[in-house]
Amino acid sequence: MADNKIGADHKIGAETNGHTDGQSNGAHYVGTRTIRPDGVDKVTGRARFGADYNLPGQLVGRVLRSPHPHARIVSIDTSRAEALPGVKAVVTRADFGDQPSEFIPAGEMMMNYKDVVRNVMAREKALYEGHAVAAVAATSVAIARKALKLIDVKYEVLPHVIDVVEAMRPDAPLLHDDLFTVGVEPRPDKPSNIAKRLEIKVGDVEAGFKKADLIVEREFKTAPVHQGYIEPHAALATVSEDGSVELWTTTQGHFIVRAHCARLLGLDISKVRVTATEIGGGFGGKTVVYLEPLAIALSKKAKRPVKMVMSREEVFKASGPTSGATVRVKLGATRDGKFTAGFAELKYQAGAFQGSPVQPGTMCAYAPYDIEHVHVIGYDVVSNRPKVAAYRAPGAPISEYAVESVVDEIAKKLGLDPIQLRMMNAAREGTKAAYGPKFGPIGLEETLNSIKKTEHWNTPLRKWQGRGVASGFWFNIGGETTVSLTLNEDGTVSLMAGTPDIGGLRAALASVAADELGVPVEKVRPIIGDTGSVGFNFLTGGSRSAFSGSMAIVEAAKQIKSELVARACKLWEAKPDQVEFKDGAVRPLGALAEKVKPMTVAEFGKLSGKLGGPIGGVGRINAQGAGPSFGTHLVDLEVDPETGRTTILRYTVAQDAGRALHPAYVEGQYQGGAVQGIGWALNEEYIYGDDGKLQNAGFLDYRMPVASDVPMIDTILVEVGNPKHPYGVRGVGETPIVPPLGAIANAMEAATGIRFTELPMSPPKVLKALRDKGLDKA
Amino acid sequence: MAKHHIEAKVNGDPVEFLCETEETLLDVLRDTLNLTGSKEGCASGDCGACSVMLDGRLVCSCLVLGCEVAGHSVETIEGMAKGESLHPLQQQFLKSAALQCGICTPGVLVASKALLERSPDPTETEVRYWLAGNLCRCTGYDKIVSAVMDAAATMRKG
């Protein structure tokens, strides 16, 4: 194993919060770069992702989608499709009962089953191009395709609206005639596309602005971007005659899929068994259901397994991107740089149904700073686009991009170093965040300091090159988590978690279990159990899976250790104070040590049948105390004045991990988030024609970063321990996508002298801006 | 129209299969030959998740018709490890944590192997441009590029 333990390259920060348990003080694996247990399957092609599962006798499921962005569905006639030989089932809105309007929390977002049932299958109206209208199951792809053409849908085409500001106008085409803006008094008497107005208010911003020597106010626009996971949605369902369901699907939360499917199809949860396949990326986009209820409904009718896989075009058109937005920011500061008041107004696109991430957007906007007077207003606005889904720190990159751009402008106008300005206003332990809580120990200042010390920060640049810095914040969550540990009869350990592993979770959890039980990490085999095999788990999201999972393992291991101590006492006829569990064994103390030898965990496993039966522990927790993670990014870029193309030259991420359970996969989160942010800032966008149809529903025209677009991404792992976690862990997955947008916009300003206020800063937009200023000839 | 009867070689073994005219090599590999290591991310040649070698040339198997491989030789990710031992690239990817979700990994590995066969000592820029046809959304490419260069160094030492 020596090869696996490569020390972290850069580690900065406070002492990791001490873990009082004897085992963890002698941590062997936590903090090292073990080989991931699922790795071999993933480098050999053996790992089974969503579309890799098949069952005997399975049918092909396909979806008929609306060609119109907004249309009333007058009628659907499926009789010709049903008559086609080889077609075994057709489902439409008639196969899904309506759901009452009721908002329930769904992790970082809110959801309403009345909308979910309408999103998986259009009901009264098709609300975006690509909205599912019917689905078929047939014996071959060719027959399924032919069947879709035989479904006769009569549409009454309605005027559509795509842009968020246009959708807010009183005369805009109305998506839902029962949608009345919540959060305004008095309640409007007319429906509109504004689902909700919300605000955060601390102090008195007007008084704060009066104290300011400098006020900067700007309006920003961001485009909707897709999570861009490489694996399209896929589901395989089989329903038996007694109504029991088995489902294999690529998801971030198979328990959530189970809940949604049971609810939409009127099934007992105990009769729905869902297996999360290996998942080929999610980033928030696989926290909702699309194909799953359709596959189950088709299988129920056909009495045969049904497999459904989306095409890439369907992924773009019919699964959730994140919001595009319009954001106005006004920030005041004294001459020496102290922020006096911050105001922001956020208008977020929700897509066809309410529920944009505008709420976290409002909460995050000023979270990195200690400001006395803050006022943020948010609007959740529907338009004829696919319903948004969560995307990595949902809502935060948008509002924090706008604020970080204005912070940079203030630094420039006051002649202050942008890091110094941030340091002067940074949230720290004891700061009361505008969104409510008082921060415990947090690492924002450490990230700023560590960036300032890099060679990168101190390297000179040339003409057309620019350097930008920005900070970012995300809450992180905990939540319901179950992990089981089973001590096997040969002394090895089986670990079962229930949160899908997207980026190395099993590796991190195996290290924690090995350290807790004092066994070699290769003797711990972690798997992700299906919904029938492990207790309830909320989904993988909110940067929660390693945070909560490791907490649950500590709990499960505690049960095993106390059981082993009890068994040793019985075997040795000893009292509990005569033994202790240490370094993977129950050890006799004092005089007892002369009579009996220590017994290892493995030995207890091998003798379990004779010493009281099976040994295991189950950690069932509702994890609390997820510490927020702050990050600061530094970027150098170069603008080509002839083409408007921007090249990222150098990039450094510093972020507080609390404690990095597996440093390589923590770095991976930093690097991946940064590059997604680069795409968001420079190239990615949903482009619509006047006809309300998406024009770039493919990877050629929806331009995500490729290997040749980006440099190496340097990482600095700051570790300011989270006192609420036994190892000091903070979630790390989401924060890395927050700072890049602002950092890159700030670097663009440094390179060109132009403050870009619209994302993406794609070559045509940059070139036009340079031409308008006559800079392209410079 | 009747299906085509095709004989070819996949990972060194003779195979025969029936396919429709419009079926791609990727469809045949995944659905007919049950070699699901090659992935479909786009079906338009933009993501590289379906990369395979066709007579020693790197191709997107979603852009090749099943019929086209008659009499030709295909190498997929399933043929990369020899016996008990992983290819140095596979080993290095594990050691370097050069994958997160792993969906792009088979294509990236096949493409990287093709690179090192023609360029055993590539620069970082060469690796980046060669892999520009393989989308990865998780890693930001950093650890992938390092792993390819480190594997190249290992392979040069023999």
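1. Confidence. The structure is a predicted model, and the predictor assigns the complex an ipTM of 0.98 and a pTM of 0.96. For chain B, the pLDDT averages 97, and 99% of its residues score at least 70.

2. Overall form of chain B. Chain B contains 5 helices and 5 strands. Followed along the sequence, these elements give the pattern β-β-α-β-β-β-α-α-α-α. Along the principal axes, the C-alpha atoms of chain B fill a box of roughly 50 × 30 × 25 Å.

3. Burial and contacts in chain B. Of the 158 residues in chain B, 58% are buried. Among the contacts in chain B with a separation of 6 or more, 58% are between residues 24 or more positions apart.

4. Domains of chain B. The domain assignment divides chain B into domain 1 (4-79) and domain 2 (88-157). Their centres, taken over C-alpha atoms, are separated by 22 Å. Where the two domains meet, 13 residues of domain 1 of chain B and 11 residues of domain 2 of chain B take part in the contact. On the domain 1 side, strand E3 (residues 51-54) of chain B gives the most, with 3 residues. By class, that side of domain 1 of chain B has 7 nonpolar, 5 polar and 1 charged residues.

5. Interface between the chains. The contact between the chains involves 42 residues of chain B and 42 residues of chain A. On the chain B side, at least two residues each come from helix H2 (88-95), helix H3 (105-118), helix H4 (124-130) and helix H5 (142-157). The largest share on this side, 4 residues, belongs to H2(B). Sorted by class, the side of chain B that touches chain A has 23 nonpolar, 10 polar and 9 charged residues.

6. Domains of chain A. Chain A is divided into domain 1 (50-158 + 233-309) and domain 2 (478-623). The C-alpha centres of these two domains of chain A lie 39 Å apart. In the contact between them, 18 residues of domain 1 of chain A meet 14 residues of domain 2 of chain A. Helix H8 (254-265) and strand E14 (272-276) of chain A are the elements that give two or more residues to the domain 1 side. By class, that side of domain 1 of chain A has 5 nonpolar, 10 polar and 3 charged residues.

7. The largest nonpolar core. This core has 303 residues, and A:Ala513 and A:Ile744 touch the most other members. Helix H16 (residues 545-572) of chain A supplies the largest share, 11 residues. Neighbours within four places in sequence aside, A:Ala513 is in contact with A:Leu485, A:Val493, A:Leu495, A:Val524, A:Ile553 and A:Ala557.

8. Backbone features to inspect. Most residues other than glycine have a negative phi, and most peptide bonds are trans.

9. Cis peptide bonds. A:Glu185 and A:Pro186 are joined by a cis peptide bond, with omega about -5 degrees. A:Pro186 is placed in the loop between helix H6 (164-167) and strand E10 (194-202) of chain A. A cis bond also runs from A:Leu759 to A:Pro760, with omega near -5 degrees. The loop holding A:Pro760 lies between helix H20 (739-752) and helix H21 (763-772) of chain A.

10. Positive phi values. A:Asn476, a residue other than glycine, has a positive phi near 75 degrees. A:Asn476 is in the loop between strand E19 (465-474) and strand E20 (479-487) of chain A. Is this residue buried or exposed? A:Asn476 is buried, because 25 other C-beta atoms lie within 10 Å and the cut-off for burial is 20 or more. A:Ser543 likewise has a positive phi, near 55 degrees, and is found in the loop between strand E22 (524-528) and H16 of chain A. With 28 other C-beta atoms within 10 Å, A:Ser543 is also buried.

Terms used. Residues are numbered from 1 along each chain as its sequence is written. Chains are lettered from A and ligands numbered from 1 in the order in which they are written. This is a predicted model: local features need pLDDT of at least 70, side-chain atom pairs count only at pLDDT 80 or more; totals for chains, interfaces and linings use all residues. A nonpolar core is a set of buried Ala, Val, Leu, Ile, Met, Phe, Trp, Tyr and Cys residues joined through C-beta atoms within 7 Å. A residue is buried if 20 or more other C-beta atoms lie within 10 Å of its own, exposed if 12 or fewer, and partly exposed in between; C-beta atoms are placed from the backbone. Two residues are in contact if their C-beta atoms, placed from the backbone, lie within 7 Å. Domain bounds come from an automatic or database domain assignment. Ala, Val, Leu, Ile, Met, Phe, Trp, Tyr, Cys and Pro count as nonpolar, Asp, Glu, Lys and Arg as charged, and the others, Gly among them, as polar. pLDDT is the predictor's confidence in each residue, from 0 to 100.
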